[in-house]
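Please prepare a briefing on the surroundings of the ligands and on the packing of a helix pair in the structure shown here.

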Amino acid sequence: MLKLSRFRGGVHPPYNKRPQNERAIVPLAPGDTLKVPLSQHIGAPCVPVVNVGDYVKLGQLIGEVPEGKLGARIHSPVSGTVTGFEMIPHQSGGFCKCAVIANDGRDELDPSIDREGRDVDAMTPDEITEAVRNAGIVGMGGAGFPTAVKISSCRGKTIEFCIANGAECEPYLSCDDRVMVEHSEDVVRGVVLLSRAVNARVTVIAIEKNKPAAIKCIEAAVASLGAKVTVVQLPVKYPQGGEKQLIKAIMNAKVPSGKLPADVGAAIFNVSSCAAVYNACRHNMPLVTTTVTVAGSCIKSPENFEARVGTPFAVLAAACGGFCEDPAKVISGGPMTGAALSTLETPVTKTTTGLITFTAEEVKGEYDGACIRCGKCVGVCPMGLSPFLFAAYGEVNNTAALTRYHVKDCIECGCCAYVCTGRVPLIARIRAGKARVAIAEAEAKEKAAKAKEKEAEAK
Ligand code: SF4
Ligand code: SF4
């Protein structure tokens with residue numbers, strides 16, 4: 001039995017997870033045209049390996065990671081013809097090159113996919129990593145970090161805990177919850193494979209207590225598979241699913257500034273990623289679908305869909321019966337960490353978790369105020385930072401002060417913005433501040449390298 005610790009700060013927003021968390025995942029029929037982003041991960045966009053006019057099969061590789069770069073492969077979510085490459089709005093803002101595929105509706109499988117399935121129990125850590133790399137699996141909780149790279153980064157380090165993250169602490173979202181209920185054995189088998197790949201001593205599936213059905217199904221799957229996995233029930237507090245907060249809860253350890261979970265002996269994987277890892281290892285199945293929660297006040301009938309990547313968000317909204325009121329704001333992801341969408345033509349990616357809508361009344365006066373120095377943001381910050389300073393120094397572009405007060409340690413959980421009395425646009429200022437600090441650091445690094453080169457030449 002693991003003894004759990006609590007992290008400081010955090011908030012308790014209304015979770016609004018019903019009724020979607022009680023409804024089975026609906027497989028969404030892919031539309032006639034899918035626009036598949038060549039960037040669905042942290043790192044460099046993939047390079048297309050197909051041409052306009054090519055016929056592609058479901059699961060066929062269409063985008064390769066550029067040589068020596070961080071990334072994850074992209075595969076076709078349907079069978080059909082590549083009709084072009086277009087720049088399309090991306091869920092994280094900006095535009096992204098997409099492969100446009102005319103769906104032939106036949107779902108003809110790429111021959112690399114093994115319907116029968118291989119014996120995963122015999123797979124070595126290298127074979128697991130290779131299968132995950134080939135399948136283009138990424139962190140599906142929204143982060144999008146390439147999973148094979150995460151596994152490789154654990155090599156040479158002592159990993160105590162391999163943790164499947166089923167906290168899903170964001171309001172409205174219930175996609176991971178439903179995956180744990182409906183694909184519990186895949187989740188358990190996946191985390192067991194990942195645990196073997198990183199050579200972890202203990203394997204844990206961590207779920208917030210407000211998901212009793214998921215806890216029951218995962219516990220039943222662990223028992224029926226005879227897996228050496230501990231199921232942990234986490235206290236309900238946002239952002240319990242943050243990697244650093246999970247490590248605090250389960251290991252009572254702190255990840256030092258600038259370090260990774262692996263540096264303190266932890267490897268953390270989202271539960272949906274775990275299920276995808278099992279399918280990649282067993283069937284060579286690439287990651288071409290994801291579960292998406294569609295909810296919020298403007299949605300007629302909230303649901304969870306299993307959607308192919310490249311499906312426009314408009315198709316998901318329509319499948320819920322459309323809107324009961326025109327949304328004033330639409331978010332991709334959860335309301336605390338998600339990004340506002342400018343158009344519903346934006347396609348679903350491997351990291352899409354939600355499409356959440358808000359009425360004009362709900363977003364009235366949001367983030368248009370000034371700081372009144374109430375200090376509430378400091379009290380709730382789970383990273384022990386002073387968010388009001390980021391707002392103040394961000395406004396006057398003081399990069400040195402932003403660095404001094406550790407803006408880079410911010411996990412962008414949104415707790416500070418949630419409680420802010422002054423309705424300060426904290427997250428926008430923090431994101432801009434982090435970008436400024438990153439640019440300043442890159443410039444300093446370049447300057448130092450040049451100075452070193454000059455020095456070497458002079459010698
Ligand atoms: S400063 Fe960052 S980590 Fe702290 S509450 Fe705000 S968003 Fe969260
Ligand atoms: S909560 Fe908002 S108003 Fe209060 S100190 Fe922080 S930034 Fe200022």
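Ligand 1 is surrounded by 14 residues, of which Cys381, Pro387, Cys410, Cys413 and Cys416 are the closest, a residue being near a molecule if its C-beta atom, placed from the backbone, lies within 6 Å of it. The model is predicted, so that local features need pLDDT of at least 70 and side-chain atom pairs count only at pLDDT 80 or more, while totals for chains, interfaces and linings use all residues. Residues are numbered from 1 along each chain as its sequence is written, and chains are lettered from A and ligands numbered from 1 in the order in which they are written.

**Ligand shells**

- The shell around ligand 1 consists of 12 nonpolar residues, one polar and one charged, where Ala, Val, Leu, Ile, Met, Phe, Trp, Tyr, Cys and Pro count as nonpolar, Asp, Glu, Lys and Arg as charged, and the others, Gly among them, as polar.
- Around ligand 2 there are 15 residues, and those that come nearest are Cys371, Cys374, Cys377, Cys420 and Gly422.
- Two or more residues of the shell around ligand 2 come from each of α9 (376-380) and α10 (387-395), helices being DSSP runs of H or I with at least four residues, numbered from the N terminus.
- With three residues, α10 gives the most to the shell around ligand 2.
- The shell around ligand 2 divides by class into 10 nonpolar, three polar and two charged residues.

**Helix pair α1 and α7**

- Helix α1 (residues 125-134) and helix α7 (residues 271-283) have axes that come within 9 Å and cross at roughly 105°, the axes being lines fitted to C-alpha atoms over the stretch in contact, with angles from 0 to 180 degrees between N-to-C directions.
- The two helices α1 and α7 are therefore roughly perpendicular to each other, the term for angles of 65 to 115 degrees.
- Ile128, Ala131 and Val132 of α1 make the contact with Val277, Ala280 and Cys281 of α7, contact meaning that the C-beta atoms of two residues, placed from the backbone, lie within 7 Å.
- By class, this contact of α1 with α7 has six nonpolar residues, no polar and no charged ones.

Technical notes: Parallel < 35°, antiparallel > 145°, perpendicular 65-115°, else oblique.
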